[in-house]
Amino acid sequence: MLSATGLHVGYGAIEVIHGIDFKVETGEIVGLLGRNGMGKTTLIRGLNGSLPARSGRVVLDGEDITHLPMHLRSRRGIATIVQGRGIFPKLTVWENLEMGRIAGGGQKVSRLDEVIGYFPRLGERLKQLAGSMSGGEQQMLAIGRSLMSHPKVLLLDEPSDGIMPILVQQIAKILAEINRREKMTIVIVEQNVPMVFSLTSHCIILEKGRIVAEGNRDDIADSEIMKEYLAL
Amino acid sequence: MTHETVFHAILSLAIQGTLITFVYALAALGLAVVFGLIGVINMAHGAMITLGAYFTWACLSAGLPFGLAVLVAVAGVGLVGLIVEHALIRHFYDKPFETLLLTWGLFLILTELIKIAFGSDIRTIPTPLPSAIAFLGFHIPEYEALVALLSAALLGAIGLVFYKTSYGIKIRALTQNREVAGLLGLNVAATYKIVFVAGAMLAGLAGALMSPILSIDPTIGNIYLVRSFFVVIVGGIGQLLGGTLAGSFLIGGSQTIFGAFSSQVIAQTIVFALAIVVLRFRPTGVFKEK
Ligand SMILES: Nc1ncnc2c1ncn2[C@@H]1O[C@H](COP(=O)(O)OP(=O)(O)O)[C@@H](O)[C@H]1O
Ligand SMILES: [Mg+2]
């Protein structure tokens with residue numbers, strides 16, 4: 001449902017992603033692994049339109065969205081949970097969620113109750129400033145906010161980064177539930193391999209802007225990079 | 001001096017100070033909105049105020065009633081803002097130094113165009129409300145009181161939009177994280193455009209409403225650019241509305257007080273000194289927390 005073909009992405013004169021072919025099917029979860037600085041965030045930006053493609057194509061449900069700006073890709077159903085969570089710290093939790101619903105225009109029915117169903121903690125903190133919550137709660141808010149616009153696919157960039165292990169497990173469980181209940185397609189960038197393996201066995205390994213391994217858990221388990229990870 | 005005359009003098013300063021605070025707040029509002037929300041220091045803000053005053057004068061000369069003249073002036077300056085944003089500013093939002101130079105250039109061009117279109121002679125507009133309100137033995141000019149009230153109402157209305165509407169949520173979110181706002185579906189470019197044009201319209205409104213209390217010449221807005229600039233700086237960027245008002249109070253109030261004791265030149269100098277001290281020690285504004 002979301003694919004990239006020969007995608008090149010970069011910043012100014014520097015090219016970071018050197019021609020990537022990537023595909024995820026409806027309802028599938030794909031893990032995107034790779035060490036720091038290997039281009040995971042840049043690839044996500046190429047998919048969501050934060051950065052324009054230098055060449056190659058991005059296709060969503062048969063529509064070529066390569067040249068659409070990010071707000072229109074978002075309105076077509078691509079939701080991103082950015083690295084570092086990207087909540088609006090000086091808005092309340094409710095305002096953050098409301099922003100998820102209204103930012104793309106349209107008259108979307110509020111999913112507030114459903115989102116609070118997934119993340120009861122948010123329901124208890126609706127009037128609190130988002131910046132005053134813990135990292136884990138902020139991550140829940142970022143995910144909940146992205147659900148408000150009824151997206152087709154979630155792109156998550158290191159959701160476990162800087163979050164207490166207990167909450168990481170909880171978030172993984174909720175992501176699995178969202179995937180199961182809504183047939184939500186999920187692309188998850190992580191350095192936390194156990195978290196990814198708790199969600200999916202389909203993984204891609206990124207190294208210096210190129211895909212160096214792809215397959216299920218067992219296929220890639222004995223690659224050099226994988227050993228490096230699992231040793232961590 | 002008896003106690004009564006001292007009391008009388010203090011009250012008089014308080015009333016003048018209040019009026020001038022709200023008039024300055026009106027003049028500074030457009031600058032504060034554009035700077036606070038999209039980070040552009042609009043050096044042409046003063047010229048836009050001047051343009052608003054001239055548009056009002058031109059409409060009155062053409063026989064329009066004052067209220068309609070104000071609306072035309074607001075729309076006219078808004079249109080100028082729209083053209084400038086679309087042709088130039090939107091390409092430079094991430095470059096504060098370039099936008100500073102661009103708007104400075106725009107200020108020079110607008111000032112020259114005003115001279116060509118309207119001449120350099122001083123124009124005056126008769127005040128639409130010539131009478132004064134008697135209050136505790138003072139005579140408060142009705143029109144100035146109305147402008148101060150409108151300014152206060154405008155501050156309140158902007159506060160409501162900002163804190164109580166969906167549009168306010170979008171704008172506050174945008175100022176906190178532009179990329180994420182865009183990723184959630186907000187058309188960032190369009191929102192920036194709306195904010196810049198709103199700032200231009202506010203400048204036009206300030207010029208139009210102040211026109212009957214000014215001697216209009218092609219550089220009249222410069223004074224207000226300088227003053228507005230310091231209002232925004234003293235007020236601080238984050239504290240948009242309260243800051244604008246507090247800044248106006250400090251600048252306007254100190255000018256009134258010092259002006260009462262000495263010449264306007266010294267008053268202006270003291271204000272500058274004050275602003276420099278503020279810039280040196282509190283670059284984000286006196287009233288900003290943290
Ligand atoms: N804004 C930027 N401007 C220039 N180069 C950048 C920028 N962001 C990241 N990079 C570079 O792109 C490369 C990949 O970064 P990134 O995609 O963030 O990696 P990852 O998410 O895998 O840690 C790094 O070499 C980084 O230095
Ligand atoms: Mg990253």
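In which helix of chain B is the place of B:R178? In this predicted model, B:R178 lies in helix α7 of chain B, which spans residues 178-183, helices (H or I, at least four residues) and strands (E, at least two) being DSSP runs numbered from the N terminus. The model is a prediction, so that local features need pLDDT of at least 70 and side-chain atom pairs count only at pLDDT 80 or more, while totals for chains, interfaces and linings use all residues. Residues are numbered from 1 along each chain as its sequence is written, chains are lettered from A and ligands numbered from 1 in the order in which they are written, and side-chain values use heavy atoms, with hydrogens and water left out.

The relative accessibility of B:R178 is 32%, and the residue therefore counts as partly exposed; buried means under 20% relative accessible area, exposed over 50%, and partly exposed in between, with a 1.4 Å probe and protein chains only. When neighbours within four places in sequence are left aside, B:R178 is in contact with B:Y93, B:D94, B:V188 and B:Y192, contact being defined as heavy atoms within 4.5 Å. Between the C-alpha atoms of B:R178 and B:F66, residues that are 112 apart along the chain, the separation is 40 Å.

Not counting residues up to four places away in sequence, B:E85 touches B:R90, B:Y93, B:Y192, B:K193 and B:F196. With B:K193 it forms a salt bridge in which the closest N and O atoms are 3.4 Å apart, a salt bridge being a side-chain nitrogen of Lys or Arg within 4 Å of a carboxyl oxygen of Asp or Glu. This pair links distant parts of the chain, with B:K193 in helix α8 (residues 188-210) of chain B and B:E85 in helix α3 (residues 66-87) of chain B, 108 residues apart. The side chain of B:E85 also makes a polar contact with the side chain of B:Y93 at 2.5 Å; a polar contact is a pair of N or O atoms within 3.5 Å, where within protein one must be able to donate a hydrogen and the other to accept it, and residues adjacent in sequence count only if both atoms are side-chain atoms.

Chain A contains 10 helices and 10 strands, and its C-alpha atoms fill a box of roughly 45 × 40 × 35 Å along the principal axes. The radius of gyration of chain A is 17 Å, in agreement with the value near 17 Å for a compact globule of 232 residues; this radius is taken over C-alpha atoms, and the globule rule is 2.2 Å times the number of residues to the power 0.38. Of the 232 residues in chain A, 56% are buried, and among contacts between residues at least 6 apart in sequence, 69% join residues at least 24 apart.

Over all chains, a search of the whole structure finds 16 salt bridges. One of them joins the side chains of A:R57 and A:D64, at 3.1 Å from N to O; A:R57 is partly exposed at 43% relative accessible area, and A:D64 is likewise partly exposed at 37%. In another, A:R121 pairs with A:E137, the closest N and O atoms being 3.2 Å apart. Because A:R121 lies in helix α5 (residues 120-124) of chain A and A:E137 in helix α6 (residues 135-147) of chain A, the pair ties together parts that are 16 residues apart in sequence. A:R121 is partly exposed, with 30% relative accessibility, whereas A:E137 is buried at 7%.

The contact between the two chains takes 24 residues from chain A and 17 residues from chain B. About 1,900 Å² is buried between chain A and chain B, with carbon and sulfur atoms giving 64%; buried area is the accessible area (1.4 Å probe) that two parts lose on being put together, summed over both. Two salt bridges are found across this interface, including that between B:R172 and A:E95, whose closest N and O atoms are 2.9 Å apart, and nine residue pairs are in polar contact, both residues being at pLDDT 80 or more. On the side of chain A that touches chain B, α1 (40-48), α2 (70-75), β6 (78-81) and α3 (93-102) each supply at least two residues, and α3(A) gives the most, with six residues.
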